[in-house]
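Hello,

Please open it and keep it beside you as you read.

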Amino acid sequence: MTPATPAAFTLSVEVDGVAASPDASGRYVVRPGQSVAVRSNHDATWSGNDLGSGVTRTERDTGNAQWISRFANPSPGAPGSYRLTAGASGGRTLTLDFTVQTGDYRNGEYMLYAANGTRQKLTINFDTATYSTTDGTGGVESGTLTAPAGPATDWTVHSARIAGFNAASLRSLGDTIVGALPFRVPSAAPGTFAVYPFIATRAFLLSANRLDGVFNRLQIQYLTGGGRQSAISQLGVFDGGTVMKQCSHLTIHEIDTCPAASVVTSRLEPDPDNSGLWLMKHPTTNALMGRIGIAEINGEKIYLSGGASPSDGSQLLSIGLPSQTRVPTFTSSGWSTDGTLDSVVATPTTYDIDHDTGAISTHNLTLNTISPPGLHLLSDGTQHYFMIRSQTLELAVAARNSTLRPGFLHIGVLH
C-alpha cells in the first residue's frame with residue numbers, strides 16, 4: 001500500500017489581524033509595533049535572524065502552529081530586515097522575509113480602560129506627538145502630546161476638552177500605556193468632560209492556558225441612577241483559562257475561603273470580536289456576564305475589565321493584580337479620579353499621597369497589610385482605602401460605601 005502523501009506545508013501571515021501579502025520582492029512590509037501572526041498548517045519549529053539589521057522582536061504567543069510577535073527597528077533612518085524560518089516534519093522548511101519600517105515601536109492601537117467606566121480604542125503616534133481615542137459609539141477625540149523633559153517624566157497631553165488645571169499626561173510601559181486623558185463624565189450633560197486615569201494595553205495573553213492566576217481586584221462602578229461606588233474582592237482564573245470564580249461577599253475573602261453562596265462562577269471563551277479578550281458566560285444559561293482581558297506588564301499579569309455591565313448597564317472599571325505578598329515600600333507618581341496628579345511615598349506602615357491640582361494637598365494614611373495576600377488597608381481614622389501593587393503599578397480605591405470619596409481611584413507608576 002502506497003503511503004499517503006503528506007499535505008503541503010504552508011504558512012499564512014496576518015498583520016494586526018488582517019491577512020497580509022508580500023510585496024513585489026516577496027517581502028512582508030510591517031511597521032514597528034504591529035502584531036505579526038504567522039500560522040502553519042503543520043506543527044512547526046521557529047527560528048529567526050535579523051540579518052544584521054538590529055531588528056528585535058517582542059514575543060506574543062508562539063506555539064507549534066503559530067508565531068506571533070511585534071518588531072522594533074532601532075535605526076531611525078533605514079528599514080530593517082528579519083527572516084523567519086519554519087521547520088516541519090520530513091526536513092521541510094519555509095522562509096519568510098520581513099521589512100521593518102522606521103518609526104517608534106510604541107506607535108499604534110491599544111485597548112484602553114478608562115476610570116469613567118468605558119472601554120475605548122487608543123491610537124497614538126509618538127513620532128508625530130498625536131493621539132486619538134474612539135469610544136463605543138464611534139465618537140473620536142484627538143489631541144497632541146509634548147515630549148517629556150527626561151526619562152523619569154511623562155508626556156503631557158493637550159486637548160480642547162481640558163479646562164483649568166491639566167492633569168492629563170501619560171507614560172509608556174512597553175506595550176502598555178498608563179496615564180490620564182479627558183473623557184465624558186458619566187450621567188452628566190453632553191459635552192461635559194473631565195480628566196480620568198486609564199490603562200491602555202496591547203499586551204493581552206492570547207492563549208487560554210496562560211490565563212490562570214488569582215487576582216486582588218479593585219472596581220469602581222457608575223450607577224445608572226447616578227453616583228459612584230467601589231468594590232474590593234478576589235477572583236481567580238482556573239482550569240487552563242476556562243473557568244473564572246469571583247468572591248462577591250461584602251467581607252473580603254480569599255477565593256479559596258469565600259462562602260460557597262458568594263462564589264460567582266463563569267465559563268470563559270474567546271471573544272470573537274476582540275483578540276485577547278474573553279467572554280464570561282453563565283455556566284448553565286450561557287448568558288453573557290462580561291468581558292475580561294489579562295495582559296502582562298514587565299512579566300506580571302494584570303486583570304482588566306471595563307464598559308457597560310450586561311446585567312444592569314452601569315459603567316464599570318475593574319483592575320486586578322496578582323495576589324502575592326509584597327513589601328509595600330515604594331515611591332510612585334500617578335493620577336486620580338479627582339483630576340489630580342499624584343505623588344506617593346509608601347513604607348511598611350505609612351502611605352503618604354500628594355494631590356496636585358495647581359496646589360498641593362497631602363493625605364497621610366496608615367498602612368496595614370491584611371488578607372488576602374497583597375491587599376493593604378489605608379486609613380486616616382475617618383477615610384479608608386484599599387491598595388494593591390505589582391513591581392510596576394500601584395492602585396488605591398476608596399472603601400465600599402465611602403461617604404467622603406465614593407468610588408475614588410488612584411493609579412500610580414512605581415519609580
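First, some ground rules. This is a predicted model, in which local features need pLDDT of at least 70 and side-chain atom pairs count only at pLDDT 80 or more, while totals for chains, interfaces and linings use all residues. Residues are numbered from 1 along each chain as its sequence is written, and side-chain values use heavy atoms, with hydrogens and water left out.

**The barrels**

Strands here are DSSP runs (E, at least two residues; helices are H or I, at least four), numbered from the N terminus. Two strands count as paired if DSSP finds at least two bridges between them.

One closed barrel has 8 strands in the order 10-11-12-13-14-15-16-17, with antiparallel pairing. Its twist averages 35° from one strand to the next; such angles run from 0 to 180 degrees between N-to-C directions, with axes fitted as lines to C-alpha atoms (for helices, over the stretch in contact). Within this barrel's strand order, strand 12 (residues 130-134) pairs with strand 13 (residues 140-146) in the antiparallel sense over 5 bridges. Thr 134 has Val 140 as its bridge partner in strand 13.

Another barrel of 8 strands closes in the order 26-27-28-29-30-31-32-33, and its pairing is antiparallel. Neighbouring strands of this sheet are turned by 30° against each other on average, direction ignored.

**A look at strand 32**

Is it buried or exposed? 6 of the 6 residues of strand 32 (residues 393-398) are buried, so this strand is largely enclosed by the rest of the structure. Buried means under 20% relative accessible area, exposed over 50%, and partly exposed in between (1.4 Å probe, protein chains only).

In a regular strand the side chains alternate between the two faces of the sheet. In strand 32, Leu 393, Leu 395 and Val 397 point one way and Glu 394, Ala 396 and Ala 398 the other, and all are buried.

On one side of the pairing, strand 31 (residues 384-389) is joined to strand 32 by 5 bridges, and the two run antiparallel. They form a hairpin with 3 residues between them, and Ile 388 has Leu 395 as its bridge partner. Strand 32 also pairs with strand 33 (residues 409-414), again in the antiparallel sense and over 5 bridges. Here the bridge partner of Leu 393 is Val 413, and that of Ala 396 is His 410.

**The cores**

Leu 393 turns up again in the largest nonpolar core, which has 54 residues. Leu 122, Leu 170, Phe 198, Ile 302 and Leu 393 touch the most other members. Apart from this core lies another of 19 residues, among them Phe 9, Val 13, Val 38 and Phe 71. A nonpolar core is a set of buried Ala, Val, Leu, Ile, Met, Phe, Trp, Tyr and Cys residues joined through side-chain atoms within 4.5 Å.

Beyond residues up to four places away in sequence, Leu 170 touches (heavy atoms within 4.5 Å) residues including Ile 124, Phe 126, Trp 155, Phe 198 and Trp 335.

**The disulfide**

How many disulfides does the structure hold? There is 1, and it joins Cys 247 to Cys 258 (S to S 2.1 Å; the cut-off is sulfur atoms within 2.5 Å). Cys 247 is in strand 20 and Cys 258 in the loop between strand 20 and strand 21, 11 residues apart. The torsion about the S-S bond is about 80°, so the disulfide is right-handed. Both cysteines are buried.

**Three loop residues**

Pro 259 lies in the loop between strand 20 (243-247) and strand 21 (263-270). At 31% relative accessibility, Pro 259 counts as partly exposed. Leaving out residues up to four places away in sequence, Pro 259 touches His 249 and His 253.

Asn 116 sits in the loop between strand 10 (108-114) and strand 11 (119-125), and is buried at 3% relative accessibility. Its side chain makes a polar contact with the side chain of Thr 118 (2.7 Å). A polar contact is a pair of N or O atoms within 3.5 Å; within protein, one must be able to donate a hydrogen and the other to accept it, and residues adjacent in sequence count only if both atoms are side-chain atoms.

Asp 104 is in the loop between strand 9 (92-100) and strand 10, and is buried, with a relative accessible area of 18%.

Best wishes
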